[in-house]
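Visitor: I am new to this structure. Please show me how to read it.

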Amino acid sequence: MDETLQSNEEIPVLVGYEGYLDGRRWMLQGSLLIGRDPNCDVTIPNRQVSRRHARLMQVSDGVLLEDLGSKNGTHCNGKSVMSAVFLEDGDVIQIALAQKFVYLSADATLPLDVEPPGPAELSAEFRLRIDARSRRVWINNQEILPPLSASQYRLLAALYNQNGQIVPREKLVSAVWGAENAVTVSEQALDALVRRLRDRLSTVDPGHAYVVTVRGHGLRLDNPEQKTLSDR
């Protein structure tokens with residue numbers, strides 16, 4: 001086996017949301033050219049978008065985003081991209097006013113020629129559902145977009161896999177940051193991550209607290225059964 005080949009988990013992913021390409025995903029292996037031209041790797045059929053608008057490119061230190069002299073601009077986390085910027089997991093990229101993307105630095109995703117399972121193919125028993133292969137999350141059949149950041153997803157998956165059981169804080173820290181880094185992670189860092197995850201889940205289902213703190217013990221996931229039409 002060629003050791004130079006990257007596993008899916010090591011390949012950055014670009015995910016479209018709030019636009020024509022909502023929910024579409026592209027693996028980044030080398031570079032991705034974004035623009036209106038049909039020959040671009042990521043084509044956005046909108047007149048606000050320049051023919052060759054922006055580019056993501058892998059370099060030795062990470063992934064760079066650069067605007068290619070577009071007429072209506074490229075933004076990263078709300079800031080105009082005037083020169084090439086390094087991307088971090090969860091960064092939001094906006095192309096003109098036409099399309100947003102989220103950048104995922106490490107995503108356990110399926111190959112692009114395999115269609116990820118939709119909510120109907122997953123267990124229909126619970127409101128919140130995860131597909132571990134594609135790192136996608138649904139609540140009441142609505143996918144969470146933009147996707148959770150890598151750390152938010154790892155925290156949620158650690159709770160989800162325990163099926164409502166209490167997970168000690170130290171195990172959650174190891175699941176998110178790795179056992180080798182656990183001793184350097186503060187209580188405040190975990191608390192801040194829990195708050196961010198709760199905020200993201202509440203955008204889809206504000207009426208229910210999925211991540212529950214059990215004082216003195218840890219956290220658990222309160223994942224009720226799927227809503228029916230009579231519940232809504």
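Guide: We will go from the whole chain to its sheets and then to its helices.

Visitor: What kind of model is this?

Guide: This is a predicted model.

Visitor: How many helices and strands does the secondary structure of the chain come to?

Guide: The chain has three helices and 16 strands. There are 232 residues, and 44% of them count as buried. Now take contacts between residues at least 6 apart in sequence. Of these, 47% join residues at least 24 apart.

Visitor: Let us turn to sheets. How do strands of a sheet pair?

Guide: They pair through backbone hydrogen bonds, and the pairing is either parallel or antiparallel. Here, five strands form an open sheet in the order β4-β3-β5-β6-β9. Its pairing is mixed.

Visitor: Which strands stand at the edges of that sheet?

Guide: Those are β4 (42–43) and β9 (85–86). Each has a single partner strand, so one side of each is left without a neighbour in the sheet.

Visitor: How many bridges join β3 to β5?

Guide: Four bridges do, and the two strands run antiparallel. Strand β3 covers residues 31–35, and β5 covers residues 54–59.

Visitor: What is the order of the open sheet of three strands?

Guide: The order is β12-β13-β14, with antiparallel pairing. The edge strands β12 and β14 (142–143) each pair on one side only. Two bridges link β13 and β14 in the antiparallel sense. Look for Ile139, which stands opposite Gln142 in β14.

Visitor: Now the helices. Is α1 mostly covered or uncovered?

Guide: Helix α1 spans residues 150–160 and is mostly covered, with eight of its eleven residues buried. An α-helix has 3.6 residues a turn, so residues three or four places apart point the same way. The buried residues in α1 include Gln152, Tyr153, Leu155, Leu156 and Leu159. Ala150, Ala157 and Ala158 are buried too.

Visitor: What do the buried residues of α1 pack against?

Guide: Both helices and strands. The helices are α2 (169–177) and α3 (187–202). The strands are β12 (128–131), β13 (136–139), β15 (211–214) and β16 (218–221). Helix α1 lies across β12 and β13, and runs at about 110° to β12.

Visitor: What describes two packed helices?

Guide: The angle between their axes and the distance between the axes. Start with α1 and α2. Their axes come within 8 Å and cross at roughly 135°. The two helices are therefore oblique to each other. The crossing is right-handed. On the α1 side, the contact is made by Ser151, Arg154, Leu155, Ala158 and Leu159. On the α2 side, Leu172, Ala175 and Val176 take part. By class, the residues of this contact are six nonpolar, one polar and one charged.

Visitor: At what angle do the axes of α1 and α3 cross?

Guide: At roughly 90°, and the axes come within 10 Å. Helices α1 and α3 are therefore roughly perpendicular to each other.

Visitor: Which residues in α1 meet α3?

Guide: Ser151, Gln152, Leu155 and Leu156 do. In α3 they meet Leu190, Leu193, Val194, Arg196, Leu197, Arg200 and Leu201. This contact of α1 with α3 has seven nonpolar, two polar and two charged residues.

Notes. Residues are numbered from 1 along each chain as its sequence is written. This is a predicted model: local features need pLDDT of at least 70, side-chain atom pairs count only at pLDDT 80 or more; totals for chains, interfaces and linings use all residues. Side-chain values use heavy atoms; hydrogens and water are left out. Buried means under 20% relative accessible area, exposed over 50%, partly exposed in between (1.4 Å probe, protein chains only). Contact means heavy atoms within 4.5 Å. Two strands pair if DSSP finds at least two bridges between them. Axes are lines fitted to C-alpha atoms, for helices over the stretch in contact, and angles run from 0 to 180 degrees between N-to-C directions. Angles under 35 degrees count as roughly parallel, over 145 as roughly antiparallel, 65 to 115 as roughly perpendicular and the rest as oblique. A crossing is left-handed if the near helix is turned anticlockwise from the far one by less than a right angle, and right-handed if clockwise. Ala, Val, Leu, Ile, Met, Phe, Trp, Tyr, Cys and Pro count as nonpolar, Asp, Glu, Lys and Arg as charged, and the others, Gly among them, as polar.
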